[in-house]
Each structure stands twice: as C-alpha cells, then as structure tokens.
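Please keep the sequence and the coordinates at hand while reading.

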Amino acid sequence: MSDDPTTLATLSEQLADAVATAGAALVAVHARPRLPSTGVHWKDGVVVTTEATVRRDDDITVTLPDGRRIPATLAGRDGGTDLAVLRIASGSLPVAHLGDPATLRPGHLVLALARLDEGGPRAAFGAVSATGGKWRCWKGGEIDRWLQSDLDIYPGFGGGPLVDATGRIHGVNSGGLSRALATTIPVATVNRVMTQLLERGYVARGWIGTAMQPVQLDPATKQRLKRAGGLLLLSVEPDAPASRAGLLVGDVVVAIDGKSVDGFDQLLDVLGGDVVGKKLRLEVARAGQLVSIDVVIDERPRRGR
Amino acid sequence: MAMSTTFLSGPAEQLRARVVGIAHGRRGRGAAGGAGIAWSGDLFVTSAHVVTGSHATIVTPAGRAVPGEVVRRDAERDIAVVRAPGANVPAVVTGDPYGLRSGSLVFAVGHPFGVRDAVTVGVLQAVSPLPRGYGLNGKGSLVWIQADVRLAPGNSGGPLADVQGRVIGVAAMVVSGVALAVPAPDVERVLAGLT
C-alpha cells in the first residue's frame, strides 16, 4: 500500500481537534420554532448568529457546551448583513479564537460547525471555493470580503462559524446570502456590525433622501461639461440632507468628491460604512451648468424595523 | 508517496474489495438495489430495506452473482443479514464509531445510482439520536452515526469507515441532507448468535 495511514490519521485527528477547539465557543440559539441555530461566543458575554434564524425578539435562550440552557437578550439585528447579536451572562464559555480571512485561499481545508443540542459540536467538511474583496449582498449590506466554500450548510448550521484546520474562526456562515455556494460573513464585518448593534441596537446607514436614476447627458452638455452621465434626481424628500443642501428634482449628479459618477455603485460606496455626519461634495449638472453642492450625510430613517 | 497525493486511496481500495452489490431474489434480476458488506465468513450485512424477500443475490467485487438467503432482519434498526456460501469475499475490519470525534474523516463505499463501489469522503458530525427538528418518523431517538458525506440511492447497506478503512457503520439513509448510518455495535447485536 502506498499511502501513509499515520499521516492520514493525523489529519483526521487535527480536524477533530479543530472542531473541539472552535466548538468550545459555540452555543445553540433557541430563537425560532423547532430547530435551533448556531451562535458563536464572539467576545465575552456576546453571541453572534445570523439574523434570519432569530425569529423572535424575546424568550431567547442558548444551550452552552456543558448542556446548560441560559437566557439571552437580543442586542440588535441587521438584515443587511444577516447578523444578529445576543447578550448572555459574562464568563459562560470560552471566547472564539478568531482568524484572518485574508489568509484563506481557494483550496484550503475548512469546516462549518454547528451546535444544535446538548450533544457535541457538529462539523461539515470542505474547501474554500472563492475569495475576493468587498461586496454588497442582495440584502443590501456591505460585506468586507468575499468568502465562499463548498461546505454544506445543514439545517441548524446557519450562524455557525467557518473554521480552518487549526480551529480558528474566520466568520459566520449564512444560509441566506447566496444559494450556489456557502457564504461566510467575515470577521471584519462581524466586528463592525457587532460593535454598532451593541452600541445602538441597529446599524446606521448613510442617507441623503433622494431617488435617482442613472442617465446619459445630452451630447451638447456632455461636450461642454466634459462629463458622460450621472444620476438624475427623480425626487427629493422634504427635511432630508439633499433638500437642506438645495438639491432639486432634475439635477444630475455627475461627480462625488471629485470622482465621476456613472451609476449607483459610487454613491452606495460613499454612503456605506460609518459615514453619518460626513460631508459630500456633489458636482451637479443643472440647466447646462456645473454647480457644486455640499451635502451632509444623515442617518437613514428606520421604518418599522 | 505522500499522504497528500494518496489520501484515502489505500484504505478505499481495501474496503472496495469487501463491498458487494445486493440484488433482489434468487436470480438477482433487476438492478442491484443496494450495497452489502462482507462481515464475516459467508455473512453479508446490508439494509433491511434493500432485501425485501427471503432471498437475495450477492454480486461480488469480481462481478460474480452468488445466491444468498436472508437469515436475519431487524426492520426497526434497518439491518438485514444475508448468508451466501461460496461468495468468497474477504471480510471487513470493524471499528468503534464512539471512539471517533466530530470532524474525524470518514468515507463511504456504495453504488450510488448504480455506480459500482463509489467512494465519497466527509467528516463525522455526531453519534447520537438526531437533533430535535430533524424529522425521522419516530426513529430519530435511535442512535445514528451522522456524517457530512454524500450518500445516494445505492449506498444503502454499504459501509461508512474511518480513515483506516475500519467499518464504523452501515449507510442507511439521508435526513435533512445528513448521511445516517447504523453504528457497528448495533449491527453486531443484530448478528448475535449467527457468527
């Protein structure tokens, strides 16, 4: 026989060690009927899971690795990034060992972990499929890193961690962000969203209070202003940053902070992240002339929840 | 050769030589319904749902059809035992599923959709009753080996093994995407008195 059973057994043991290490920081989250989901004890007294698996705001409990079931309170949820944060009693279980998702490359061995009941942690096994930079998911949230794997996210595995072969946690697996491959919300995004949810219970998103549509400028204006197109203002909400700054329906925003605009991406980029209170300099084509208008980003009003 | 190039090929080769096809009836008419395991002597273990009658035909790794008789059936545990004298297939070595931890590498051999002796690889999830919320018509309270390994029709009755190729369970079904196998000690209990 040509293989070396010792090293193969060693790999198997290493994977089981990784499950045991990372599994020590996992809880089962009881926040929906029937099947619990998985939560990661991200920092002392704080558990992170996926927003879609938290179906109620009250009467939430978590099962600890030792089988005890303790109450948890919802600190906040963010549908945009599919993350929810719970508070539990301090010192209940070990805190997650976090990794750096930037070190993961396609082909690396990874595990998806879950805790569903009083039993031990559960594992699924696979490889990193694709990595990349920042992206915006269909639910609207900004995710700091593209991280997909061929792992099966079984029922109850949502909210559980993506773990490398040494047991480090690289993010939280979401069953809802993408269909073809398992998608992981990376450490940086979890940290950012968790901080905001703990501070104020929701994620503040930048807002200027307009409806817009990408347009091409007419040839004469294009020639004169040396701009190809921009975002046409279709409506301006009253008592919003745009109306306060004097923006008018019919204006075409052709540049933001000196960078030309040809679609929504540039606008969404400057409205993402921690931007409330920041000033934007808009270059606007109005009646064939370029005018410069400063808008102070406000917080998007929260309708319902 | 390094483990990275051979991976499970050695244990898989050994185990594949010990897995048989199971067809219905005396003559083995119709496609092989599932897989079977050369357990000891002329006894073969498979799933009860694979052999519905009192006779079954064993198809050896060499492709020889050997008539067999169903000598034991445990419908509750979904295990059947077929005696096929003269099949002459080397027996497997069994292992202890309770000795494995979650995340341990495991592999299955079976005939998914009729593909002979296909190997699928994954990791152990748990050896326990099923989690609440994974429905299984009342059988969820039995102890199952639960694994993240791909099974399909045709894997039923085939082995689930550890990295050394020791059989830890008999592939039974898939529930909520999770592969379920009957733990080897439970299979031994069904076999009690036969060997």
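The largest nonpolar core has 120 residues, and those with the most contacts inside it are Val47(A), Leu111(A), Phe44(B), Ile58(B) and Ala181(B). A nonpolar core is here a set of buried Ala, Val, Leu, Ile, Met, Phe, Trp, Tyr and Cys residues joined through C-beta atoms within 7 Å. A residue counts as buried if 20 or more other C-beta atoms lie within 10 Å of its own, as exposed if 12 or fewer do, and as partly exposed in between, the C-beta atoms being placed from the backbone. Helix 1 (residues 5-23) of chain A gives the largest share of this core, 6 residues. Another core, of 19 residues, lies apart from it and includes Leu233(A), Val236(A), Val253(A) and Leu282(A).

The model is a predicted one, in which local features need pLDDT of at least 70 and side-chain atom pairs count only at pLDDT 80 or more, while totals for chains, interfaces and linings use all residues. Residues are numbered from 1 along each chain as its sequence is written, and chains are lettered from A and ligands numbered from 1 in the order in which they are written.

Chain A has 5 helices and 22 strands; helices (H or I, at least four residues) and strands (E, at least two) are DSSP runs numbered from the N terminus. Its C-alpha trace spans about 75 × 50 × 25 Å along the principal axes of chain A, and of the 305 residues in chain A, 45% are buried. Of the contacts in chain A between residues at least 6 apart in sequence, 60% join residues at least 24 apart; a contact requires the C-beta atoms of two residues, placed from the backbone, to lie within 7 Å. The domain assignment, which is of automatic or database origin, divides chain A into domain 1 (5-200) and domain 2 (206-299). The C-alpha centres of these two domains of chain A are 39 Å apart.

Strand 3 of chain A pairs in the antiparallel sense with strand 2 (residues 37-43) of chain A over 3 bridges, pairing being assigned if DSSP finds at least two bridges between two strands. Within this pair, Lys43(A) has Val46(A) as its bridge partner. The two strands form a hairpin with 2 residues between them, and Gly45(A) in the turn has a positive phi of about 80°. Strand 3 of chain A also pairs in the antiparallel sense with strand 6 of chain A, over 5 bridges, and there Val48(A) has Val85(A) as its bridge partner. Beyond its neighbours within four places in sequence, Val47(A) is in contact with residues including Val27(A), Trp42(A), Val62(A) and Ile88(A).

The loop between strand 6 (83-87) and strand 7 (109-114) of chain A holds Ala96(A). Ala96(A) is buried because 25 other C-beta atoms lie within 10 Å. Leaving out residues up to four places away in sequence, Ala96(A) touches Ala25(A), Val40(A), His41(A), Trp42(A), Pro161(A) and Ile169(A).

In chain B, the domain assignment gives domain 1 (13-83) and domain 2 (97-191), with C-alpha centres 18 Å apart. Here 25 residues of domain 1 are in contact with 21 residues of domain 2. On the domain 1 side, strand 2 of chain B gives the largest share, 5 residues.

Helix 3 (residues 184-191) of chain B has Ala184(B), Asp186(B), Val187(B) and Val190(B) buried. These residues lie on the same side of helix 3 of chain B because they cover an arc of only 155° around the axis, the arc being that of the directions from the helix axis to the C-beta atoms. The buried residues of helix 3 of chain B pack against strands of chain B, among them strand 3 (43-46) and strand 5 (65-74). Gly193(B), which follows this helix, has a positive phi, near 90°.

Between the chains, 26 residues of chain B are in contact with 31 residues of chain A. Helix 1 (3-6), helix 2 (9-16) and strand 8 (118-128) of chain B are the elements that give two or more residues to the chain B side, and strand 8 of chain B gives the largest share, 5 residues.
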